[in-house]
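I looked up two side chains and then the chain as a whole.

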Amino acid sequence: MSVTELKERLVAATETVNALRERLKQNRLLLLDTDVAGYARSQGRTPVCFGPTDLVCCRTLQGHTGKVYSLDWTLEKNHVVSASQDGRIIVWNALTSQKTHAIKLPCAWVMTCAFSPTAQSVACGGLDSVCSIFNLNSPTDRDGNIPVSRTLSGHKGYVSCCQYVPDEETHLITSSGDRTCVLWDITTGQRTSVFGGEFQCGHTADVLSVSINGSNSRTFLSGSCDATARLWDTRVASRAVRTFHGHEGDVNAVKFFPDGNRFGTGSDDGTCRLFDIRTGHQLQAYSQQNGDNDDRHVTSIAFSTSGRLLFAGYSNGDCYVWDTLLAKVVLNLGSLQNSHEGRISCLGLSSDGSALCTGSWDTNLKIWAFGGHRKMV
């Protein structure tokens with residue numbers, strides 16, 4: 001068979017695949033007779049009452065000299081770790097704004113950071129394609145730096161996200177530009193499982209984010225530049241349990257809903273979406289219909305403790321608080337006087353639901369405190 005014939009067959013096969021993908025999309029839409037907001041309106045539900053006095057910026061954490069790319073809260077204590085392209089990760093006391101640790105990184109191009117469950121260690125990764133572990137109790141070297149306690153090497157592309165397995169100090173999951181996710185044994189530094197890559201049922205482009213199910217730590221989600229999110233079981237690495245379609249751009253963020261049966265996504269297409277992992281169906285899309293989303297990419301998301309609120313950070317500096325039930329924006333932190341002055345790159349909710357932390361390319365982090373009656377919304 002000649003090269004010309006092969007190219008013609010490839011073009012024909014591509015057209016067939018695209019046609020089938022469009023048919024599947026239309027069939028999925030036909031099955032969705034309503035969405036969460038439509039059902040809630042039919043039941044007479046009203047939007048949650050939420051305003052600027054219910055979520056107030058109480059502290060600005062200043063110390064980074066470069067763009068903040070990632071943050072994470074501790075589970076038990078009021079501490080936040082942040083990663084910046086100034087080549088440092090900083091551990092903050094969120095109550096006092098004081099820095100407890102400032103760690104100089106081997107590679108300045110860091111993209112992600114995470115606390116271990118006991119907050120004794122932090123992990124980070126970036127363009128050096130490795131995940132570095134730092135023990136916060138380790139003695140410093142001559143220059144006052146904490147040395148790397150473990151380096152997890154094996155990815156063939158940048159490390160985009162890392163997250164410790166809940167209640168396990170010795171295992172974490174990373175995602176990478178090499179199209180894979182990896183479950184690591186930190187004790188040995190070895191890969192326990194690789195999800196995707198050479199397998200046909202993995203992502204077909206860079207993986208940008210992961211979220212581990214708090215209700216069942218054997219399952220986790222991944223979001224990718226192939227515009228899909230995938231559900232994985234750590235016991236079966238050869239293929240994804242389910243693939244979720246709907247977005248028309250890179251899926252930058254995935255996050256499990258508090259009940260573990262649903263999850264949210266945020267994408268370059270300017271929308272957030274809510275999916276059900278049991279049926280595979282999209283339950284709701286969250287987007288501003290009357291705006292131009294070309295420069296409003298969703299970079300990060302988080303749910304409130306009950307799941308009634310969805311927090312979404314955007315590339316244009318907006319930070320929307322969505323009513324997940326009625327798909328309405330109840331507050332935009334980006335419109336407040338003390339908001340960030342640049343892209344919202346990351347955000348996260350404290351474990352008790354009492355505070356939100358946002359990080360930005362303006363080099364700062366901000367702590368937003370809920371009013372007393374809003375603590376567990």
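**Entry 1: His-64**

I began with His-64, which counts as buried because its relative accessibility is 5%; buried means under 20% relative accessible area, exposed over 50%, and partly exposed in between, with a 1.4 Å probe and protein chains only. The model is predicted, so I noted the limits: local features need pLDDT of at least 70, side-chain atom pairs count only at pLDDT 80 or more, and totals for chains, interfaces and linings use all residues. Residues are numbered from 1 along each chain as its sequence is written, and side-chain values use heavy atoms, with hydrogens and water left out.

I located His-64 in the loop between strand E1 (55-61) and strand E2 (68-73). Helices (H or I, at least four residues) and strands (E, at least two) are DSSP runs, numbered from the N terminus.

Which side chains make a polar contact with the side chain of His-64? I found Ser-82 at 2.7 Å and Asp-86 at 3.0 Å. A polar contact is a pair of N or O atoms within 3.5 Å; within protein, one must be able to donate a hydrogen and the other to accept it, and residues adjacent in sequence count only if both atoms are side-chain atoms.

I then listed contacts (heavy atoms within 4.5 Å). Leaving aside neighbours within four places in sequence, His-64 touches Ser-82, Ala-83, Ser-84, Asp-86, Arg-88, Ile-90, Trp-92, Thr-363 and Leu-365.

**Entry 2: Asp-269**

I placed Asp-269 in the loop between strand E19 (262-267) and strand E20 (272-276). Asp-269 is buried because its relative accessible area is 18%. Its side chain makes a polar contact with the side chain of His-247 at 3.0 Å. I also checked Glu-248, 21 residues away along the chain from Asp-269; the two C-alpha atoms are 5.7 Å apart.

**Entry 3: the whole chain**

I counted two helices and 28 strands in the protein chain. Of its 377 residues, 53% count as buried. The C-alpha trace spans about 65 × 55 × 35 Å along its principal axes.

For contacts between residues at least 6 apart in sequence, I noted that 48% join residues at least 24 apart.

Last, I looked at charge. The chain has 35 positive and 36 negative charges, and their mean positions are 3 Å apart. Lys and Arg count as positive and Asp and Glu as negative, while His and the chain ends are not counted; the place of a charge is NZ of Lys, CZ of Arg, CG of Asp or CD of Glu.
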